Amino acid sequence: MSAPVTEDLLIVGAGGFARETAQAVRDVAAADVARGRPPRWRLAGHLDDDPALHGGEVDGVPVLGGCGLVHGLPAARVVVCVGSPRDYAVRARLVRRLGLPAERYATVVHPTAAVSASSVLGAGSVLLAHCVLTASVRVGSHAAVMPQAVLTHDDTVGDFATLASGVRLGGGVRVGRGAYVGAGALVREYAAIGAWSLTGMGSTVLADVPAGEVWAGSPARLLRPAGAAALAELARTAADGSTEGTAERTADGTGPDGPRPQTRMESPVV
């Protein structure tokens with residue numbers, strides 16, 4: 001068996017999420033060294049399209065230049081760490097613009113995260129500190145799972161989705177492509193969070209959230225349509241013929257992945 005090799009890692013973005021990921025990479029390296037093995041990555045630097053950042057440092061990590069530099073450093077692995085509730089579609093746009101093959105992307109998992117052997121993570125995804133994936137959880141590519149999020153049995157999280165800090169998903173929840181679930185939100189078991197929707201922080205989700213809508217409150221209710229950038233991505237998804245995370249069900253409760261299991265809510269949930 002060949003010895004582990006330390007690879008260069010580029011973080012695309014230099015904002016809050018990128019800085020958190022850089023710290024996670026440092027923590028992964030420290031954990032590797034503590035276990036007596038070479039660190040899996042060397043943090044080569046940030047790439048960001050803001051020219052004011054070029055040549056400087058963010059938390060001690062150099063900003064090497066614009067995002068296009070990934071093509072000039074073909075041996076480096078890459079993770080794209082951009083996006084916020086103001087524009088949570090930007091990560092998908094940037095990944096599409098870069099046009100890199102899946103094998104260029106790293107998957108960053110903080111050493112304090114608990115990921116079961118039956119769970120699967122896609123390329124380019126990031127799991128930050130103290131996340132929990134209990135059993136048979138599937139996380140797509142370029143997803144962002146923030147600190148202390150808990151994903152329970154059979155949850156599915158689509159590509160480019162974001163679960164902010166402290167999110168709790170009941171069993172069998174489906175989070176659609178590009179959806180943003182705000183900090184501290186609670187999602188009832190077997191609910192569907194539609195593609196490119198946004199669920200507000202602290203919300204309690206007891207019913208399906210349709211694609212391309214903003215819901216918030218306890219219980220969560222419709223506030224308005226999603227922003228133009230998210231709706232443009234939703235239209236692109238529809239044009240590609242994908243049904244991922246549309247949160248549409250027929251009158252008998254079936255959806256793209258079959259019938260929803262029966263649930264009981266006669267007594268309060270503590």
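**Group meeting: a first look at this chain**

Let's start with contacts, meaning heavy atoms within 4.5 Å: among those in the protein chain between residues at least 6 apart in sequence, 35% join residues at least 24 apart. Before I go on, this is a predicted model, where local features need pLDDT of at least 70, side-chain atom pairs count only at pLDDT 80 or more, and totals for chains, interfaces and linings use all residues. Residues are numbered from 1 along each chain as its sequence is written, and side-chain values use heavy atoms, with hydrogens and water left out.

Okay, the overall picture. The protein chain has three helices and 26 strands; these are DSSP runs numbered from the N terminus, with helices being H or I of at least four residues and strands being E of at least two. Of its 270 residues, 45% count as buried, which is under 20% relative accessible area, while exposed is over 50% and partly exposed sits in between (1.4 Å probe, protein chains only).

Now the sheet. Five strands make an open one, in the order β8-β11-β14-β17-β20, with parallel pairing. At the edges are β8 (120-121) and β20 (192-193), and each of them pairs on one side only. Pairing here takes at least two DSSP bridges between two strands. Look at β14 (residues 156-157) and β17 (residues 174-175): they run parallel and are joined by two bridges. Thr156 stands opposite Arg174 in β17.

His46 lies in strand β2 (residues 41-47). Is His46 buried or exposed? His46 counts as buried, because its relative accessibility is 0%. Its side chain reaches the backbone oxygen of Gly13 at 2.8 Å. Skipping neighbours within four places in sequence, His46 has contacts that include Ile11, Ala18, Val58 and Leu64.

Then there's Ser203, in the loop between β21 (198-199) and β22 (204-205). Ser203 has a relative accessible area of 1%, so this one is buried too. The side chain of Ser203 reaches the backbone oxygen of Gly200 at 2.7 Å. Again leaving out neighbours within four places in sequence, Ser203 touches, among others, Gly184, Leu186 and Trp215.

Last stop, Leu73. You'll find Leu73 in the loop between β4 (61-65) and β5 (77-80). With 38% relative accessibility, Leu73 counts as partly exposed.

That's my tour, so over to you.

Conventions. A polar contact is a pair of N or O atoms within 3.5 Å; within protein, one must be able to donate a hydrogen and the other to accept it, and residues adjacent in sequence count only if both atoms are side-chain atoms.
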